[in-house]
Structures are given as C-alpha cells and as structure tokens.
Amino acid sequence: MEGQKISVAVFDKIADRYEAIAKFLSLGILPLWLKRLLKGVERGEKVLDLACGSGILFGELSKKFNTVVGLDYSLPMLLVAKEKRIPNAYLVRGDALKLPFKGETFDTVVVSLGLRHFEDTESSLREIFRVLKKGGTLHILEVGIPQNPLLEKIFLLFLKAVVLPLGKILSREEVFEHLFGSIVRFPHGDKLLRLLKEVGFEEATYEGVTFGIAYIYRAKK
C-alpha cells in the first residue's frame, strides 16, 4: 500500500492549490481537456466521478446527471470539493480498489487525471466495471507520453525540469518522485486499451490530445 499512501499524501498537501497546480502543469490547457472529455459523456441518471479531487467536474456533470457521486480517498480534497456546493453532488471517502457501492449502480463513470495514481490499475478497472450498469460507459482523461520520439523527449525533459523541481517546493522527496513516476509507469495508449478489453469492456477507444501529452479513453460495459 506504500504507493497509495504516497499518492494520498501528495493530494492531502496540495488540496487547496490542486486546480491551480493542475492547470499550470498542463500548460494552461486543462480546461480544454476537460471540455473535450465531457463532450463525449451522454446524459444519464447517476454518475460516479472517481478520484473526484476538488470537484472540478461537479458543475458540468450536475447538468447532465440527476445525481453526481464524487469519491476520493483524500479528505482534504473532499473538503475543497464540498465548497463547490453543488446541490445534486454527494461526496464519499473511499478506496478506488474497493468501491463502496453495489454492482450496476452507475450509468457512467468518469476518471479525470486520477487513474495513474491508483495502486493497481487493473483492479480499479475491474471495480469500475462492477459498479457500472450494463450499457454504461467509462470516460478517462489521463496524462500521457507522446508517441512521437522527438515530442516524447521534449515532454520528459519538461517533466524533469519543471514538474520535479515544483514537487520539491511543494513537499517531500517521495512526493515529487511520485508525480513523475506515476506518468512514466502508467500503461498509456494501446496498453490501457488492451487492459480495458481484458477486464471486459467493449468499444474501447482512445484519442491523443495536445500532441499526445494527454489521452481520453472511452469504453462501454
């Protein structure tokens, strides 16, 4: 569980600054990524915003769903999310690997910049599959590594020269190492697509955004 402890520690420390930091690290493009992610999300009865963090998606999700459930393990993050005061949004503190919901509860699950922080990607996807209704959809936004070799080198240099030093300023050694390592170790692109299919999802697709420094994945149960 050490990886999860470090991940939670990261977000506990930066909860009140998370949205500003996320926007900075995305070179200011995060709002466009989120808009593109949500554009493909159809209206429904109930949505799970998994690893909801500060509730950055609550406002838009509340327009498409009667009930928005935001789950996160970081209590400081949930307290920030609570300040959004979205009437039909409900907060739950819980573990992404052991979701506290019955099977086939949600029409849609959205994970924005959170999947790579889970200790076990496959286990979290199986839990998502379990709580989705048949015909339900999964939508994931995650930082990626460009497939173009030159862009990959430039992006990794940016991570080392900007992300790591920023992490040093924010908190302890293991925190900024986690921010970098979580991106490098994550199964990007086709690897995640194969994992989604192995779990049981169908119609799994992905698209690169901003030259492949982020990806949007979609799949159906």
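Residues are numbered from 1 along each chain as its sequence is written, and side-chain values use heavy atoms, with hydrogens and water left out. Because the model is predicted, local features need pLDDT of at least 70 and side-chain atom pairs count only at pLDDT 80 or more, whereas totals for chains, interfaces and linings use all residues.

In soluble globular proteins, nonpolar side chains tend to be buried together. A nonpolar core is defined here as a set of buried Ala, Val, Leu, Ile, Met, Phe, Trp, Tyr and Cys residues joined through side-chain atoms within 4.5 Å; buried denotes under 20% relative accessible area, exposed over 50%, and partly exposed in between (1.4 Å probe, protein chains only). The largest nonpolar core comprises 41 residues, of which Trp33, Leu61 and Leu141 touch the most other members. When residues up to four places away in sequence are not counted, Trp33 is in contact (heavy atoms within 4.5 Å) with Ser26, Leu141, Val209, Thr210, Ile213, Ala214 and Ile216. A second, separate core of 30 residues includes Leu48, Phe101, Ile128 and Ala219.

Helices (H or I, at least four residues) and strands (E, at least two) are DSSP runs, numbered from the N terminus. In helix α5 (residues 75-82), the buried residues are Met77, Leu78, Val80 and Ala81. Viewed down the axis of α5, these buried residues fall within an arc of 155°, so they line one face of the helix; the arc is that of the directions from the helix axis to the C-beta atoms.

Side chains of opposite charge can pair when their charged atoms come close. With a salt bridge taken as a side-chain nitrogen of Lys or Arg within 4 Å of a carboxyl oxygen of Asp or Glu, the count comes to six. One of these joins Glu207 and Arg36, whose closest N and O atoms are 2.7 Å apart. This pair links distant parts of the chain, with Glu207 in strand β6 (residues 202-209) and Arg36 in helix α3 (residues 30-39), 171 residues apart. Glu207 is partly exposed, at 28% relative accessibility, and Arg36 is also partly exposed, at 41%.

A salt bridge also connects the side chains of Arg116 and Glu142 (2.5 Å, N to O). Arg116 lies in the loop between β4 (106-112) and α6, and Glu142 in strand β5 (residues 132-143), 26 residues apart. Arg116 is buried at 13% relative accessibility, and Glu142 is buried at 0%. Gly114 is placed in the loop between β4 and α6 and is buried, with a relative accessible area of 4%. Apart from residues up to four places away in sequence, Gly114 touches Ala51 and Glu142. The C-alpha atoms of Gly114 and Leu50, 64 residues apart along the chain, are separated by 7.6 Å.

Within helix α6 (residues 121-131), the side chains of Glu122 and Arg126 form a salt bridge (2.9 Å, N to O). These two residues are four apart, about one turn of the helix; Glu122 is partly exposed at 31% relative accessible area, as is Arg126 at 40%. Glu127 also lies in helix α6 but counts as buried, at 13% relative accessibility. The side chain of Glu127 reaches the backbone nitrogen of Leu99 at 2.7 Å. Leaving aside neighbours within four places in sequence, Glu127 is in contact with Ala96, Leu97, Lys98 and Leu99.

Note on methods: A polar contact is a pair of N or O atoms within 3.5 Å; within protein, one must be able to donate a hydrogen and the other to accept it, and residues adjacent in sequence count only if both atoms are side-chain atoms.
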